[in-house]
Amino acid sequence: MSLQHAYAVTNRLTGLAAGSFAWSATATNPLHANDGKMDKLCTIASTATSVNVIIDLGAAYSISAVACLNHNLAGLATLKVEHATDLAFTTGVTEAKAASTLGTSPAPLKDAVLQFAAVTKRYWRLTWTWTGSVAMSVGELFFAESTALTRAEVYGHGGARRYINSKFDGYTGEQRGHYIAGPIASRRLPFEALTESERNELWAMYHAARGGAVSLLWCEQYEAVATAAAAAYQACLFGKLTEDETSWTEDDFGVYGVSALMLRSLAREVGS
């Protein structure tokens with residue numbers, strides 16, 4: 001298993017018009033799949049066992065990570081990533097990432113990232129395949145060139161799950177609650193004993209995310225291969241850093257510590 005993490009902040013799908021997406025089945029609210037959020041869903045009315053979308057990025061961009069976020073296909077479907085030299089997908093069709101079974105652990109898992117060697121292409125195709133009857137939905141698609149970090153987090157890292165509930169105490173003393181949403185995931189990312197260049201990698205990530213003003217795709221395990229992704233390499237979190245300020249210390253000559261970062265997932269649909 002990789003000891004490297006990766007991240008990305010620039011989604012090449014952001015701002016594309018509906019005409020840039022050609023779904024093989026009728027898509028309801030297709031632009032919810034590239035609105036920068038996860039709480040509104042693009043849904044596919046068809047329950048056919050295979051659905052694909054051909055995407056025209058408008059120009060050739062270097063891509064090494066494709067994320068399918070807030071989906072409902074965990075453990076049910078495979079996802080394959082391809083690119084071609086023409087919009088009709090008749091020439092130069094190449095498989096960037098083999099069909100990968102969308103993971104189910106840890107539960108509930110609704111996000112997956114597929115990573116591969118960076119390639120500069122304009123035309124891409126995603127294909128989901130499953131058995132049975134599934135009405136597919138996805139909150140966000142993310143196409144990016146990810147940046148790998150040299151060093152992994154250290155012991156003391158962790159995560160959290162938060163539920164949003166409305167609670168009150170009744171006159172009988174009984175506590176009642178109304179479930180609104182959740183779980184909202186978060187990750188604590190501590191780093192220590194860094195070289196100067198490793199410290200600067202974290203600074204670059206922090207600045208790219210504008211201290212939390214810009215959403216960040218965090219990839220738990222970095223890889224750059226075309227073979228199918230195991231569940232551990234699909235794990236990701238799409239959210240924002242919570243710190244408006246971060247700091248570093250030189251703990252020994254040329255050895256640096258950086259204050260722990262906290263990343264919190266963006267909101268999902270009500271009741272999720």
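**Group meeting talk: a walk through one predicted model**

Let's start with Ser-146. If you skip its neighbours within four places in sequence, Ser-146 touches Ala-6, Tyr-7, Ala-8, Ser-64, Ala-65, Gln-115 and Tyr-222. Before I go on, please keep in mind that this is a predicted model. So where does this serine sit? You'll find Ser-146 in the loop between E10 and strand E11, which covers 147–148. And is Ser-146 buried or exposed? Its relative accessibility is 14%, and the cut-off for buried is under 20%, so Ser-146 counts as buried.

Okay, let's compare that with another loop residue, Lys-40. This one is found between strand E3 (27–28) and strand E4 (42–44). With a relative accessible area of 43%, Lys-40 is partly exposed. Again leaving out neighbours within four places in sequence, Lys-40 is in contact with His-32, Asp-35, Val-138 and Gly-139. Now look for Glu-140 on your screen. Lys-40 and Glu-140 are 100 residues apart along the chain, yet their C-alpha atoms are separated by 8.5 Å.

Next up, the aromatic rings. How many aromatic pairs does the structure hold? The count is seven. Let me show you two of them.

Take Trp-124 and Phe-143 to begin with. Their ring centres are 5.9 Å apart and their planes stand at 80 degrees, so we call this pair edge-to-face. Trp-124 belongs to strand E8 (residues 112–130) and Phe-143 to strand E10 (residues 140–144), so the pair ties together parts that are 19 residues apart in sequence. Both Trp-124 and Phe-143 are buried.

Phe-142 and Phe-238 are both buried.

While we're on rings, have a look at Arg-199. Its charged end sits over the ring of Trp-248, 4.4 Å from the centre. Arg-199 also lies over the face of Tyr-256, at 4.5 Å from that ring centre.

The structure has one cavity of 30 Å³ or more, and the largest cavity holds about 40 Å³. Which residues line the largest cavity? They are Leu-149, Arg-151, Phe-191, Leu-194, Glu-198, Glu-201 and Leu-202. Strand E13 (175–194) and helix H1 (196–208) are the elements giving two or more residues to that lining. The largest share, three residues, comes from H1. By type, the lining divides into four nonpolar, no polar and three charged residues.

Last stop: two backbone angles to look up. Asn-70 has a phi near 55 degrees, which is positive even though the residue isn't glycine. You'll see Asn-70 in the loop between strand E5 (50–69) and strand E6 (77–84), and at 2% relative accessibility it counts as buried. Phe-89 also has a positive phi, about 55 degrees, and is not a glycine either. Phe-89 is found in the loop between E6 and strand E7 (94–101). With a relative accessible area of 9%, Phe-89 is buried.

Note on methods:
Residues are numbered from 1 along each chain as its sequence is written. This is a predicted model: local features need pLDDT of at least 70, side-chain atom pairs count only at pLDDT 80 or more; totals for chains, interfaces and linings use all residues. Side-chain values use heavy atoms; hydrogens and water are left out. Rings of Phe, Tyr and Trp (its six-membered ring) pair if their centres lie within 6.5 Å; planes under 30 degrees apart count as stacked, over 60 as edge-to-face and the rest as tilted. Helices (H or I, at least four residues) and strands (E, at least two) are DSSP runs, numbered from the N terminus. Buried means under 20% relative accessible area, exposed over 50%, partly exposed in between (1.4 Å probe, protein chains only). A charge sits over a ring if NZ of Lys or CZ of Arg is within 6 Å of the ring centre and within 35 degrees of the ring normal. On a 1 Å grid over the protein atoms alone, a cavity is a set of points where a 1.4 Å probe fits but cannot get out, and a pocket is an open set with protein on both sides within 12 Å along at least five of seven lines; lining residues have an atom within 4 Å of a point. Grid points are joined across faces, edges and corners, and a volume is the space filled by probe spheres set on the points. Ala, Val, Leu, Ile, Met, Phe, Trp, Tyr, Cys and Pro count as nonpolar, Asp, Glu, Lys and Arg as charged, and the others, Gly among them, as polar. Contact means heavy atoms within 4.5 Å.
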